[in-house]
Amino acid sequence: MREFSAQAIVLDKEDYGEADGKVFLYGPEYGKIVAKVKSIKKPLSKLNSHLEPFNLVSVRIIDRGPQIVDALTIEKLTPSWGLAKFLNFIKEITFEGQSDPQFWGMIKQAIVSGKIDYKKFLAAQGFDPKFALCQNCGEPKPTYFFFQSHDFWCGQCFSKSQCSSGFLELS
């Protein structure tokens, strides 16, 4: 069984089974990590408060799953709707196991400055809006990006789709 430590920001947390959870992290050494956490929903869980979104944490992970076995909060970021939207964005556009220290630097800079250029982050992940066309009609300069399919859509096609979630407005 391999064990490793990492510093990362907690992007999201989801229920997994009756008492367990799944935590989404992003850090400089390992990129996005999706790890199980045993008994996180139990009242006496020592990990629960550390593994909340908006926390910068130091975690110890074993490769069985992977599974987080220890966590310690380094810094708590001030929660806001804008930061929650940004962390969800990072969760959706990144892939597990692809470390990118430069992208991590962009994330830290955006959090510190409070200025988030989503087009710049999309471009860094290979989804540059400058070269994109609407998935439906082929129109250049799309105004929406869909997380689940990684597609760009123009405003006209978006309004016809009646989609209300899972997208980012680029304008």
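## Phe146 and Phe167

In this predicted model, Phe146 has a relative accessibility of 8% and therefore counts as buried, the cut-off being under 20%. Phe167, at 26%, counts as partly exposed.

## A second pair: Phe4 and Tyr30

By the ring-centre rule, the chain holds 18 aromatic pairs. One of them joins Phe4 and Tyr30: the ring centres are 4.6 Å apart and the planes meet at 50°, so this pair is tilted. Phe4 belongs to strand 1 (residues 3-16), while Tyr30 sits in the loop between strand 2 (20-27) and strand 3 (31-37), so the pair ties together parts 26 residues apart in sequence. Phe4 is buried, at 13% relative accessibility, and Tyr30 is partly exposed, at 29%.

The rings of Phe146 and Phe167 are also paired, with centres 6.1 Å apart and planes at 50°, so they are tilted. Phe146 is in strand 6 (residues 144-146) and Phe167 in strand 8 (residues 167-169), 21 residues apart.

Helix 1 (residues 81-93) has 13 residues, which should span 18 Å at 1.5 Å a residue; its end C-alpha atoms are 18 Å apart, in agreement. Its buried residues include Phe86, Phe89 and Lys91. Phe86 and Phe89 also belong to one aromatic cluster, along with Tyr26, Trp104 and others.

## The whole chain

The protein chain has four helices and eight strands, in the order β-β-β-β-β-α-α-α-β-β-α-β. Of its 171 residues, 40% are buried. Among contacts between residues at least 6 apart in sequence, 47% join residues at least 24 apart.

Definitions and conventions
Residues numbered from 1 in each chain as written. Predicted model: local features only at pLDDT ≥ 70, side-chain atom pairs only at ≥ 80, totals over all residues. Heavy atoms only, no water. Helix = DSSP H or I, 4+ residues; strand = E, 2+ residues; numbered from the N terminus. Buried < 20%, exposed > 50% of the residue type's maximum accessible area, 1.4 Å probe, protein only. Contact = heavy atoms within 4.5 Å. Expected span 1.5 Å × (residues − 1). Phe/Tyr/Trp six-rings, centres within 6.5 Å; stacked < 30°, edge-to-face > 60°.
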